[in-house]
Amino acid sequence: MNFSCNNKISHNQFAAVIIAAFLGCTAVSAPLGIIETAGGGAYISVFLGGFAASVLFYVLVRLTGKRMDNSYENAAYSSLGKVLGFIVLASVFAYTSVYGGFQLSTTARMVHFTMEKSVSSLFAAILIVFVAFYTALRGRECVGRISEIAAVLMLVFILFIFVLSAPSMDLITLKPTPDEWRGILKGAFMSFSALSVAGYVFIMLPEGENTKNAALSVFAAFLIITVVLSFGTALAVSCFGVEESKRKLWPVIQMMNYTEFPGSLVERQEVLMSGFYVFSSFILTSLSVHISSVMLESIFKRINRVFSVLVSCAALLFFCLCALRKGGFDAVYSIYGFNLAMYGVMILAPVVSVLRRKK
Amino acid sequence: MELYKELNKNKEYIKNTLYGSDDIVFKEFENNGTKCFLIYTDNIIRGTTIEEAVLTNIMVRGEKNFDAFEMQNNLIAVGETKLVQSFEEIFDAVLLGDTALIVENDNRAVIISTKGWPSRGIQEAKTEVVVQGPKDAFTELGSMNTVLIRRRIRDTALKVRRFKCGRRSKTDIAVMYLKDVAKEELVENVIRQIKALDVDCILDSGYLEQFMEKRYSSPFPQLQLTERPDKASSAIYEGRVAVVVDNSPFVILVPSTLNIFFQSAEDYYDRWEIMSFMRILRFFAAVLSVTLPGLYIALTVYRPDLIPTSLALKIASGRAYVPFPAIAEVLIMETAFELLREAGVRLPSPVSSAFGIVGGIVIGSAAVEAGIVGPVVVIIAALSGICSFAVPNPAFVSALRIVKYIIIFMSAFWGLFGFYTSVFLVLAHLASLESYGVPYLYPFCGGSANNYTDFKDSVLRAPLRKMRKRPVFAKAGQKIRMLFKNKEGGR
Amino acid sequence: MKRLIGFVLILPFLVTGCGGNDIEGRNFVSAVGYDTEANSGYEISLCFIEPDGKDMYSAAKADVISPTAAVTDKVLSSGKRQMYFGHLKAVVIGSSAAENGSLDEILIDLSSNNDISMDTVVLCAQNSASGIISTVSNSGDGLYIWDFYKNNKDRLYSTQKLTLAEAVKKLDTQNGIVIPLVDAEDESLIINGGVIFSNNIKTGVFDNNQIQGFIYVLGGGKGHSEVININSEEVPFNIEKNTSSVKFYEQDGVLKADYDISFKVKRLDGFNYPEGASEILAQQIKGKCLAAIEKLQHLNSDSLGIAQRLKRQDNRLYNKFYNEEMFKNMVINLEINVAEK
């Protein structure tokens, strides 16, 4: 067991990366649309969709056989050949940049509107990309380690909040009515797809690990996200009601204001808590930049590491700017054939897994 | 260069090389008509040894004409002697405090160990003071320091590898480790790295520390310096490597993680409950000392709505006639405290503590009276200063001081977002650091490498009986350090 | 490369930064009042605390600004200091604004402002909001309303606390809402009773007894006390626990609701309690509850959220009976249980 710079992370760290990167981002982007479609029963949708996604990921990881002996980028070239391999890697590069850029744009918007009015969203995006540049340059170990800390902190705080606010939940609003079930199922599909866009993180799966353990970590990580999200959605809906939740920019975080902390030092906890969301966004952006840069490096061999990370940052920032120009949250996800790309990744994901099977 | 057979040639060469070094003593004498030549450095030798064990024996008791080998074996009554054949070895030995003896018609010289440096003896530790536990500290004498460690580890597995470093200073370095516990690649790595250094001098272990660090541009220390022999010994027991540098009362311990900088030797001598509490306090204090001024700026300037109403009103009324913006206010107070700290170090110690307290109180209250700063800022600056002293390692405290200013500036520019960004940046930097292959943030990161057992000695300090396993630094097969079969502790 | 990175680092400092306003450069608005004028604009009155280094509570000032809402921003920023809503504690809706049906407009506008805490207390004035605000200001205590609720947490006798979050949620889910009433009398504030809104318009006022009944029906009576009058002697009970549940059913083509409201009360020391005091107490409570429900039904203000409950509890009945007048036409039975500790 040696730590030194082998650019590998353990499967526990991998689970931490998933939790840290997606807990915050999906907490913001997923429930909004889902509350709109599913109404009071949104938490059920979130749970169903999330659970389905977790199972899917478990199966996908298990597809890799007993052990993965090859990194993703090597596997793509060696088993698909030059042309196909290039196409796969390039599409992963494009996808990560676009996904990372879109998520970044929502963060930047949040920062501008709810955290710091004096910081423009454009500038917030630049600053986050700069931090991501530093982190990605230090390699995937750095991302893994920082996620480990962030994930634990996030979960502890969220658990704390949930335990404190659970007694004040208004159960009446949460009981779904029969006519809402259609919406709930629709919402479940939405939450499923919101989580499955995370599919590309498979690429980060550590090689040489026991697949069974890795699959379990992935499953557990997504399940944790699912449970936290559905509980958070339930709290938000019971706290604000459906209509007001729709109006709120990030209901799950804003609901934290209502938790009465014993002897709290801060007046409005939700703004401090939004720090976790920003942290999560930092990690997701770093992750995206890192993955794109690795793809770039395997497409163009002998490329300078600094240069490849810089190019990835630029690409991500470009898509983020496009999304910022386009405007609101919903608009962002309806552009650039994003959904198409999403399904593309969902088709690509099993292929990825099978590729990495031991020969 | 090899020695000549003729004594005169040898004498000439040596005198020429050492010309101008008036502290070198040359002594010529005869043994039954055989000319002998003695060289040593004044004041760093033990004079009595030369007189009684060397000169008396050779001049008085020498019955026949001895050559160098015979003298070494039959006449010189000193435990440590050796035969050498080159001038370089003679010079090295003489400059170190040994005495060289050259005999006519012999191309060998005897090196007699006569070292007797002036030293200040073993004194109490100054920088790592403990209430309970041994009080002795390392001294400037490298050999003494190895003895202090050896006294605590009477195990044949304790190895001491000595060599010299520094082109001109030729500083003695001793690498100490437990052969069956420390990882071989770590030991070899450390030795290789030190041997590869080609520098003029190593004046202190601080030099070596900076040369050995992988990321020297980071403000955070990646190696631990200690002046406590018990701390060094406990590190060696854990499978770490101690580097003893001559002329320095500080011993380098590798590898070192952030967690280690929060441990004090005392932690293991007192009860575990109170020491766990102290650990929590230290971590809390470190976080507070770094973030408090930045958070103050971010909250008062950008988000006063986060502060409880009555406190916000208090801060506002306190600042009502302050002419400077909050950032300047914070910087003024922080600078004042830094100056007090720096001046306190230079002052003679009986004055410095009084100066620190008086200076702090006087400047703080005067600044508030004069309306230059608000009263809350004085509290913030003082609190962050006090908190930084709760961390036991001075090198780490300095790093925290630097980081504090980064957070202050970023918070001043971009408010709460800048605050979060700077905190993340610091975390990312810490996460990217490694010390000889161990992540700097271990065990908070990568704790799975040792099955998370190292958490028992991190934010909490588990009872000694529960810490059965050695930390991650030890070899894979050497994880168990205590075995209890029954309650009394027997096997 | 290093220069480039350095440039990227410095760039942000050049383009942005230092956008904040020091804390003493802000006037802390503690209460805001809304009235409507004849020409359909809002008259906004503010009570704010100026940080001037003296005793800050005495520095409360009221400022009545009477332009229309459109130019509010301009007025708010024209003062010596920036008007800051981050510590807004109370919103007072004037009766003119309440009668005009601008309640949801005001509240949703407030809730969408990120500076404003959703914990802000919402009140309705008997007359004009500006009068209340100036009374708060003249009392020298800009945080009067906030402190009133803070210090009487569980002991509000004839009123309730309504936060902005609750108000907005109720506006979304039910067609009626009751907002606590505030009145100024001889330069002092009285918070009791409540204003009933149905479909966003002020339609009536609860007196002290009725609002108590309303609170009991909602199950929020913990900490209240009830005084009964027997043989011209007054004896008090403390309510330790108050729960409420409702069952819906259909009988003879009419929608009926059975409320089961139970209390746990405690006698106080030093009073002489005659025989049958609890029965009289139950009677008195029932009378208050009935009066409240009767009034709400008369005004068709579903402030109890019955429609919402029915929808969740029995969707079939809801679909069958739901219409605008459902609450009004419903038969509501009360079952009061009083247990002594």
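In chain B of this predicted model, the axes of helix α12 (residues 349-369) and helix α13 (residues 375-389) come within 9 Å and cross at roughly 155 degrees, the axes being lines fitted to C-alpha atoms over the stretch in contact, with angles running from 0 to 180 degrees between N-to-C directions. α12(B) and α13(B) are therefore roughly antiparallel to each other, a term for angles over 145 degrees. Where they meet, B:Gly360, B:Gly364, B:Ala367 and B:Val368 of α12(B) face B:Pro375, B:Val378 and B:Ala382 of α13(B), contact requiring C-beta atoms, placed from the backbone, within 7 Å. Five of the residues in this contact are nonpolar, two are polar and none is charged, with Gly counted among the polar residues.

Chain C holds an open sheet of four strands in the order β10-β11-β12-β13, with mixed pairing; strands are DSSP runs of E of at least two residues, and helices are runs of H or I of at least four. Because β10 (225-230) and β13 (331-340) of chain C each have a single partner strand, they stand at the edges, and one side of each is left without a neighbour in the sheet. Strand β12 (residues 254-267) of chain C pairs with β13(C) in the parallel sense over 10 bridges, where pairing needs at least two DSSP bridges, and C:Ala257 has C:Ile332 in β13(C) as its bridge partner. Across β10, β11 (233-251), β12 and β13 of chain C lies helix α9 (residues 277-299), running at about 150 degrees to β13(C).

Residues are numbered from 1 along each chain as its sequence is written, and chains are lettered from A and ligands numbered from 1 in the order in which they are written. Local features need pLDDT of at least 70 and side-chain atom pairs count only at pLDDT 80 or more, whereas totals for chains, interfaces and linings use all residues.

Terms used: Parallel < 35°, antiparallel > 145°, perpendicular 65-115°, else oblique. Contact = placed C-beta atoms within 7 Å.
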